[in-house]
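Here are my notes on the model, point by point. Please keep the structure open while reading.

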Amino acid sequence: MFTLQSKTNFRDNANTYLKWGIYGAGGIIFILLIVVILYPSYTLVKTSFYADDQLSINNYIELLSNQTTYIVFRNTFIVSFWGALGATALGVTIAWLLARTDIPFKKFWRTTLIIPYIIPPFIGAIAWVYLLGPVGYINKFWMAITNTFDPLWVIYGQGGIIFVMILYSYPIAYMVTLGPLSQMNPALEEAGQISGAGTLRTLRDITLPLMLPSIGGSALLIFMSMMANFGIPAVIGFPKRYFVMSTQIFLTILNFDRANNLQIAAALSMLLVFLALITMQLQQWIQGKKSYAIISGKSSQPQLVPLRNKKYIAVVFLGLLVLFTVVLPVISILATSLLRALGLPFTLENLSFVNFSRIIYEVPKVQRAIRNSFLLAGGSATVIVFLSLIISYLIVKLKVKGTVVLEALVLLPYAVPGIVVALAMILAFVKPLPLVNISIYNTIWIIAIAYMARFLTFGVRSISAAFEQVHESLEDAARISGAGLVASFKDIVMPLIRSNIFAGWFLSFSPALTELTLSMLLFSVGNETLGTVVYGLHQEGKVGMTAALSLIILVFVVLLNRITIRITQGKMGF
Amino acid sequence: MAELKLINLQKKFGDVIAVDNVNVTVKDGEFITFLGPSGCGKTTTLRMIAGFIKSTKGSITIDDKVISSYEEGVFLPPDKRDMGMVFQTYAVWPHMNTFNNVAYPLKFKKYSRNEIEERVTDTLSLVKLDGFEDRFPHEMSGGQQQRVALARALIMEPSVLLLDEPLSNLDAKLRESMRYEIVELQKRLKFTVVYVTHDQIEAMSMSDRIIVMDKGIVQQIDSPQNVYQKPSNKFVADFIGMANFIPCEIVNRADDMVRVQIQDGTGKIFLRVPVITEKDYSKNVTVVIRPEDIDVLPLTDQEGTSGILIRQTYIGDRNDCAVQFGDIILRVHTQNRHSFKIGEEVSIVLNNPILLDT
């Protein structure tokens, strides 16, 4: 009746070893996270309170008594506020049009309007410089038809930053509000209509107020991401000496002539983090206000609002949006990359692939960057997946205590602005590591560790979600059928989460490949990344090559996205 | 094939006692059901038997071999208990076809490929799923998935088969036919079954004995007949079937009978109630009379009780009425097709009274 004892001894041991192995690995990972995340955070905070090698609050005093600080504060706020407002309004409008009206070509809008999300923001910014820079295509066209030397609008400066940020952030609002809008209980609006409210009135009095948690939540999310963004203000703000907190921190770090520059940068970072934390709290609070149970359990689709004669306006509106967010930037990059030299007219003889061949064959740092970025992104994605498997298993299946701490630790390097993470890494690892007496500063390893810390949350989130989807009863059924922990995991859990593991890998690989902010501060000669090289070429004015490399990156990013969608059968990816 | 014993079984979650002091011996080949409302502890008890939960007191034995004991520190994990289990959600693995789902338990028993194929085919036949080997769960109905789950449990030739509300996700008609099939299989193959449900019809129609539970405590362990006709307390009387609770006072007592006075405010009605146990009853008792044991007749002069008909609902196979006398309102199910007028005075005959301590 009972299975033979001797045969199961091996399995017994394997199960016990596995359990202890996982706990052990979990312990090691926890320590690793403390070293890589908590220690740099501590160093950052500490450094901000040190000036001239002594404990002091001079850094803060100096910052708060300096006009620049307040200007930069104000700039950050203005840009983030208007950007968030614009992006949210745009995103919600799109979501409403696609979810609640009978606008035609929905599939087309859905696929194209999400593209800005996967384009690295700084590449988007560069593309817009080609369009609306002082000699940008649109401005030159304008000057040609008005026969003047006055450009239509030069994108450098505050307005440009807000403009570009809106164009590349609205997908967040769109994605967050699309779900609730599609699933909203139709009875709520129908009750309004029966009471006499027309379309717009219903929208104003019923739909929007009920959607407030999602709308408010996404606005705050966008606000946070704009406050932290470095690439767009760098490309579009620097030429006009317009600075925000992230770029100011960057400049301060590089300003070696200034006394205590790193310490001041640390202090400024603390201020930025403080603002980010407040915003994050607000966001959690607003999205937690789901006292509005607006989503009905039954799968009744809300009625679509017929647009009738307004249909054309809506289509034109979305069409213009696609033009601005996707078509124009891509064309401008494509065009620029194919021109033999800047300024030449667009005739067939002036088009060539020379820029492409030059960056690949004649610029060594590009080759290095390609190699480095792929290695870094691929390597960190792989490590992230392994770490995530263990961490998620501990959190979801073994339900260890202290998951809140673990999850907070994992989230921290992503929630904190990239520039601050980079500074923390510098401060923590500029000194040689104990025991091995090697400094990882100025090596590729500091970038690798920064990437792993920064994108770990993607892996943990997707694999945790995968574990949660494998219902406990599926494993219980395996257990009672005779499977131990190992067999149950191997035969039941793994096959079911396989595609999520791939997705987790790609979700960590993509942002790491095109990452700019971290590598800008952590790279050194020989350790360039794609992001730093593109930015560098742009700064050097090598427009054609910048465009060529940007195009290659764009193509690659879109391809990656398609692969992710294909592998997860549409469940993940954009 | 196996005698299962639960001895002083308790499960505490923090300060909450989910299962308290369960003692039961399930005989070899018996079909026993844990019956009770949600949260009564029946599923927790089942999961302790399966080995998914460790008890905080007490022990579990099969044929006197200890498979779990808190006091002795013994705990056999689920994969070693040689029990089959059918889950409420079926838990059929979506990435495996029917053949692989059903064959899975045999992986751990070292059979040859041919033997496995033979056994799977035979078991699928048992549950009337011949030819379904290549189908995947998403290609099958709920009822078919459930049979796959059943086959997967049966192929182990387990000593004990555990079923956790297996029929609750099926539609009514399918539920009924599956009830018969499960019982028939059990009688044929003679395995011990522990069944968990909140549905009294399932419990009554399938079980040799029923364990009624409420809030973690066993209320009564008895055959369906006894649980219905001789409920041990108010909860059991009310949970199974319907019950009228009539407050009474004991007037005098003989060996096997008591005479009680109904406390309806008038004190004019007396009942003779058989006594089942030898225990002493307090003066105040409750008498249970089921709605179908009350006759409602046009008013007669004969000795008996009379009351006012205050509600009458014709259901088709019965009349669902309410009759009031004094402070007491009785729920009545009568078979007669006679239609009374609301407010009419009627004669009622109280049959089959059951005595409960208050």
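1. Start with B:Lys110. This is a predicted model. B:Lys110 sits in a loop of chain B, between helix H2 (98-103) and helix H3 (113-126). Its phi is positive, about 55°, although B:Lys110 is not a glycine. Is B:Lys110 buried or exposed? B:Lys110 counts as exposed, because it has 10 C-beta neighbours inside 10 Å and the cut-off for exposed is 12 or fewer.

2. B:Asn352 is another residue to check. B:Asn352 also has a positive phi, near 55°, and is a residue other than glycine. The loop that holds B:Asn352 runs between strand E20 (345-350) and strand E21 (354-357) of chain B. B:Asn352 counts as partly exposed, because 13 C-beta neighbours lie inside 10 Å.

3. Next, strand E3 of chain B. Strand E3 covers residues 31-35 and is mostly covered, with five of its five residues buried. In a regular strand, side chains alternate between the two faces of the sheet. Which residues of E3(B) point which way? B:Phe31, B:Thr33 and B:Leu35 point one way, while B:Ile32 and B:Phe34 point the other way. All of these residues are buried.

4. Now the partners of E3(B). E3(B) pairs with strand E9 (residues 192-197) of chain B in the parallel sense, over five bridges. There, B:Thr33 has B:Tyr195 as its bridge partner. E3(B) also pairs with strand E10 (residues 209-214) of chain B, again in the parallel sense, over four bridges. In E10(B), B:Arg209 stands opposite B:Ile32.

5. On to the domains. Chain B is divided into domain 1 (4-237) and domain 2 (242-357). Taken over C-alpha atoms, the centres of these two domains of chain B are 40 Å apart. The contact between them takes five residues from domain 1 of chain B and seven residues from domain 2 of chain B. On the domain 1 side, the residues divide into two nonpolar, one polar and two charged.

6. Then the contact between the chains. Chain B gives 19 residues and chain A gives 18 residues. What classes make up the chain B side? The side of chain B that touches chain A has twelve nonpolar, three polar and four charged residues.

7. Last, confidence in chain A. Chain A has a mean pLDDT of 87, and 94% of its residues reach 70 or more. Residues 1-8 of chain A stay under 50. For that stretch of chain A, the model has eight contacts beyond four places in sequence. Where pLDDT is low, predicted coordinates should not be read in detail.

Key: Residues numbered from 1 in each chain as written. Chains lettered and ligands numbered in written order. Predicted model: local features only at pLDDT ≥ 70, side-chain atom pairs only at ≥ 80, totals over all residues. Contact = placed C-beta atoms within 7 Å. Nonpolar A, V, L, I, M, F, W, Y, C, P; charged D, E, K, R; others polar. Domains from an automatic or database assignment. Helix = DSSP H or I, 4+ residues; strand = E, 2+ residues; numbered from the N terminus. Buried ≥ 20, exposed ≤ 12 C-beta atoms within 10 Å, placed from the backbone. pLDDT = per-residue confidence, 0-100. Pairing = 2+ DSSP bridges.
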